[in-house]
Amino acid sequence: MNYAAIKKRDVANGPGVRVSVFVSGCTHGCKGCFNSEAWDFSYGTEYTEEAEAEILEALAPDYIRGLSVLGGEPMEPQNRGTVLGLLRKVRERFPQKDIWCYTGYEYEKDILRWMREEAEENAVGETEELLALIDVLVDGEFVEEKKNLRLAFRGSENQRLIHVKESLRQGRVVCLTE
């Protein structure tokens, strides 16, 4: 996996001061995307152990509230394994910090379907483990015609801030309120 950027003090992609990792590679091609250069899976820098160590070090200060993973597309099949490895380490080392993930995929239509398909093949799939590590999932493609600059932590009105653990527990989508 490649990444487009690591922002060590980001206040735009989740609450508080965060570390944000922008992965490379996206097949959505949303019109008006703010990060279209990151659609290319080979864009940016190769994700290495050194990059991971840099991210973990950046998360260490108490004033850092958590990690946001964006793209490109973190949930692309080519990116999921590496993202999962990072989230495991973040959760292990910093259990008090929250994890936000931005995806153009839709929670019910895509992500839950992948989880069911993986469960049919083996006990716990990659998608289920990813969801278990994520606190908030911002889902849905960016839709330029629904762009709204007044929305907190998302770009278009179709995108939702999903409280993942509550959604899984209740068996329905539970969105954060603003």
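Me: In what order do the 7 strands of the open sheet stand?
Reply: This is a predicted model, where local features need pLDDT of at least 70 and side-chain atom pairs count only at pLDDT 80 or more, while totals for chains, interfaces and linings use all residues. Residues are numbered from 1 along each chain as its sequence is written, and side-chain values use heavy atoms, leaving out hydrogens and water. Helices (H or I, at least four residues) and strands (E, at least two) are DSSP runs numbered from the N terminus, and two strands pair if DSSP finds at least two bridges between them. The pairing here is mixed, and the order is S3-S1-S2-S4-S5-S6-S7.

Me: Which are the edge strands?
Reply: An edge strand pairs on one side only. That describes S3 (45–46) and S7.

Me: What angle does the direction of H2 make with that of S4?
Reply: H2 packs on the sheet and touches S2, S4 and S5, with contact meaning heavy atoms within 4.5 Å. Axes are lines fitted to C-alpha atoms, for helices over the stretch in contact, and angles run from 0 to 180 degrees between N-to-C directions. For H2 and S4, the angle is about 175°.

Me: Which residue of S5 is the bridge partner of Gly66?
Reply: S4 (residues 64–70) has parallel neighbours to consider: 6 bridges tie it to S2 (residues 17–23), and 4 bridges join it to S5 (residues 98–102). Towards S5, Ser68 stands opposite Trp100, and the partner of Gly66 is Asp98.

Me: Is Arg18 buried or exposed?
Reply: Arg18 lies in S2. From its C-alpha to that of Ile64 is 5.3 Å in space, although they are 46 residues apart in sequence. Because its relative accessibility is 0%, Arg18 counts as buried.

Me: At roughly what angle do the axes of H2 and H4 cross?
Reply: In H2, the residues meeting H4 include Leu84, Leu87 and Arg91, and those they meet in H4 include Glu126, Leu130 and Leu133. By class the contact has 5 nonpolar, 2 polar and 5 charged residues (Ala, Val, Leu, Ile, Met, Phe, Trp, Tyr, Cys and Pro are nonpolar; Asp, Glu, Lys and Arg charged; the others, Gly among them, polar). The axes of H2 (residues 77–93) and H4 (residues 126–133) come within 10 Å and cross at roughly 35°.

Me: What is the omega of the peptide bond from Gly71 to Gly72?
Reply: Gly72 lies in the loop between S4 and H2. The bond from Gly71 to Gly72 is cis, with omega near 15°.

Me: What is the phi of Phe153?
Reply: Phe153 sits in the loop between S6 (136–139) and S7 (160–163). At 26% relative accessibility, Phe153 counts as partly exposed. Most residues other than glycine have a negative phi. Phe153, though not a glycine, has a positive value, near 65°.

Definitions and conventions
Buried means under 20% relative accessible area, exposed over 50%, partly exposed in between (1.4 Å probe, protein chains only).
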